[in-house]
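Here are a few friendly notes to read alongside the model. Please keep the 3D view open as you go through the points.

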Amino acid sequence: MANKLSDIKEELALANRILAHEGVLDAFGHVSVRHPGDPGRYLLSRSRSPALIEPADILEYTLDSEPVRPPTAHLYAERVIHGCIYQARSDVTAVCHHHAPAVMPFVIAGKPIVPVFHLGAAIGEEPPFWDQQDEFGDTNLLVVKPEEGRSLARALGHHSVVLMNRHGATVVGNGLKELVSRSIFMCQNAEYQLRALMIGAAPVLPRGEIKLAGAISRLPNVVTRTWEYWSARVPADKTTAAARGRRAKPARSMRRRKARR
Ligand SMILES: [Zn+2]
């Protein structure tokens with residue numbers, strides 16, 4: 001169990017760094033994963049920019065988004081997004097909340113992001129919008145109260161993505177690899193949709209194509225391949241300390257062999 005937990009913390013730290021490197025997350029935004037041994041808990045970093053997150057930053061939370069152990073660091077204010085979605089969706093094991101530049105024009109204009117190319121089908125049919133103003137009036141636009149998190153989870157419904165007016169988006173997945181893939185292809189889709197609109201038209205994929213192409217995007221070999229590609233794109237000096245240690249190991253053993261000679 002300990003090993004499995006340490007592996008998933010490493011994977012979660014890498015997911016943060018991949019999404020930061022690919023322009024989905026910046027100083028803000030966060031990624032979580034359901035605890036591999038306890039579906040009533042989830043794992044999420046302390047409050048830190050995603051590009052810098054190490055496995056040691058990752059804490060355990062109950063689904064009420066309370067830290068399991070007394071915290072010694074600042075926590076993300078918007079962690080109820082994660083807890084409330086895990087409570088509402090037993091099929092969801094990973095969540096990403098972001099304010100990616102690619103999606104912001106759409107959530108500011110209140111215009112839907114729809115799948116316009118085969119890999120964009122990963123987002124599913126037209127994602128719903130959630131406007132915090134509708135239920136809660138004027139707020140600072142952060143999702144910090146449990147009732148706000150529950151409202152967002154209701155808007156997400158059975159979808160894979162919910163767009164948040166004047167704020168960003170929240171993406172869910174079955175596993176971190178699927179989540180990372182969906183989050184990145186969502187941003188690519190938004191960029192292509194906007195560019196295609198500028199040259200004339202961005203028709204949505206037919207329903208059948210969304211279903212068939214979306215199913216391919218969830219295949220284990222597909223999400224493993226994209227994960228491997230995006231992992232390789234994270235510069236060596238920006239991977240986690242543990243990964244840097246692993247990369248450095250062959251060099252150390254080489255030195256030892258030479259010393260023995
Ligand atoms: Zn936010």
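**Notes on the zinc site and a helix pair**

1. Around the zinc ion, the four donor atoms subtend angles of 89 to 135°, which makes the arrangement irregular. Donors here are N, O and S atoms within 2.8 Å of the metal (3.2 Å for Na, K and Ca), and as water is not among the atoms, sites may look incomplete. Please remember that this is a predicted model, where local features need pLDDT of at least 70, side-chain atom pairs count only at pLDDT 80 or more, and totals for chains, interfaces and linings use all residues. Side-chain values use heavy atoms, without hydrogens and water, and residues are numbered from 1 along each chain as its sequence is written.

2. The zinc ligands are Glu78 (OE), His97 (NE2), His99 (NE2) and His167 (NE2), at 2.0 to 2.4 Å. Their spacing in sequence reads E-x18-H-x1-H-x67-H.

3. Glu78 is in the loop between β3 (58-62) and α2 (80-88), while His97 is in strand β4 (residues 94-98), 19 residues apart. Glu78 is buried, with a relative accessible area of 5%, and His97 is buried at 0% (buried means under 20% relative accessible area, with a 1.4 Å probe and protein chains only).

4. Now to the helices: the axes of α6 (residues 176-198) and α8 (residues 220-233) come within 9 Å and cross at roughly 70°. That makes α6 roughly perpendicular to α8 (the term covers 65 to 115 degrees).

5. Among the α6 residues that meet α8 are Val180, Ile184 and Phe185, and their partners include Trp227 and Trp230 (contact means heavy atoms within 4.5 Å).

Methods. Axes are lines fitted to C-alpha atoms, for helices over the stretch in contact, and angles run from 0 to 180 degrees between N-to-C directions. Helices (H or I, at least four residues) and strands (E, at least two) are DSSP runs, numbered from the N terminus. Angles under 35 degrees count as roughly parallel, over 145 as roughly antiparallel, 65 to 115 as roughly perpendicular and the rest as oblique. Four donors count as tetrahedral if all angles lie between 85 and 135 degrees; four count as square planar and six as octahedral if opposite donors are over 155 degrees apart and all others between 65 and 115; anything else is irregular. Buried means under 20% relative accessible area, exposed over 50%, partly exposed in between (1.4 Å probe, protein chains only).
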